[in-house]
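Hi everyone, thanks for making time today. Let me put the structure up on the screen, and then we can walk through it together.

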Amino acid sequence: MDLKQRKQWNENHKRLTHIILKPNEHQTSIELFLDQHRLLHATRMSNSPVPTLEDELFINLCEGTLRKYPVTAPDTKNSIVWHIWHITRIEDMTMNVLVNNDEQVLHSGQWNKELNVNYPHSGNEMTEAEITDLSENIDIQALIAYRIEVGRKTREVVSRLLPNAFNQKVEAERIKVLEEQKAVKKEASWLLEYWGKKTVAGLILMPATRHIFLHLNKSIRIKQRIQKKGD
């Protein structure tokens, strides 16, 4: 995605924000979401006809750059691989538990074993030791595969939403499920409180789209800083 395409993505997100709560725009909202979401995952997740923001991140991306922690950046010191894992975990738990009342993709297979790290949470409020461990040891190919599966599941979930679903509030029982699954660290309990105040539309407009867009852009800036300097 070049600068022009990113600006268009932002404009389309504004449009989605404007129409998503209108019942007569339900199908249009779903289709627009699917277009927006497609551009935030690897091409092979949805057979995107155009290069995506994630594709841009992975072009000429060295493993050392992916894993480097801490990084020198204005708004983060976390590794690129942490950012990818974090947005995938957030998408998994919000779309599959809070929206779909189903199990997380993480729990539907042996993903913790495949990923080679055992962190069931979102990554918020992780210690430096935990981020170092994840950055050094996570299996990158497994992370990419997990991310693709999460993205495809999200598209299935949203495609099946019925009219007026976007207006529904997040159910307290589903927040409780995430708490019991230790999907959020105790130190990050504010995140569950934040989600508990959202509608389904709110989850669509942030964790499933804007949140990913922001972290991928941040990761691209980290890549550019590291590889330009040759660190």
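This is a predicted model: local features need pLDDT of at least 70, side-chain atom pairs count only at pLDDT 80 or more; totals for chains, interfaces and linings use all residues.

Let's begin with helix α1, residues 3-19. With 17 residues at 1.5 Å a residue, α1 should span 24 Å, and its end C-alpha atoms are 25 Å apart, which agrees.

Which residues of α1 are buried? They are R6, W9, H13, L16 and I19. Looking down the axis of α1, you'd find these buried residues within an arc of 145 degrees, so they line one face of the helix. Turned away from that buried side are the exposed residues L3, K4, K7, K14 and H18.

Now for the salt bridges. The count comes to twelve, and I've picked a few of them.

R147 and E54 meet through their side chains at 2.5 Å, N to O. This pair links distant parts of the chain, with R147 in helix α10 and E54 in helix α4, 93 residues apart. Both R147 and E54 are buried.

Next, E63 and R67 form a salt bridge at 2.8 Å, N to O. These two sit four residues apart in helix α5, so about one helical turn separates them. E63 is partly exposed, with a relative accessible area of 47%, while R67 counts as buried at 19%.

Finally, E171 and R174 meet in a salt bridge at 3.6 Å, N to O. Here E171 is partly exposed at 39% relative accessibility, and R174 is buried at 14%.

Note on methods. Residues are numbered from 1 along each chain as its sequence is written. Side-chain values use heavy atoms; hydrogens and water are left out. The expected span of a helix is 1.5 Å times one less than its number of residues. Buried means under 20% relative accessible area, exposed over 50%, partly exposed in between (1.4 Å probe, protein chains only). The arc is that of the directions from the helix axis to the C-beta atoms. A salt bridge is a side-chain nitrogen of Lys or Arg within 4 Å of a carboxyl oxygen of Asp or Glu.
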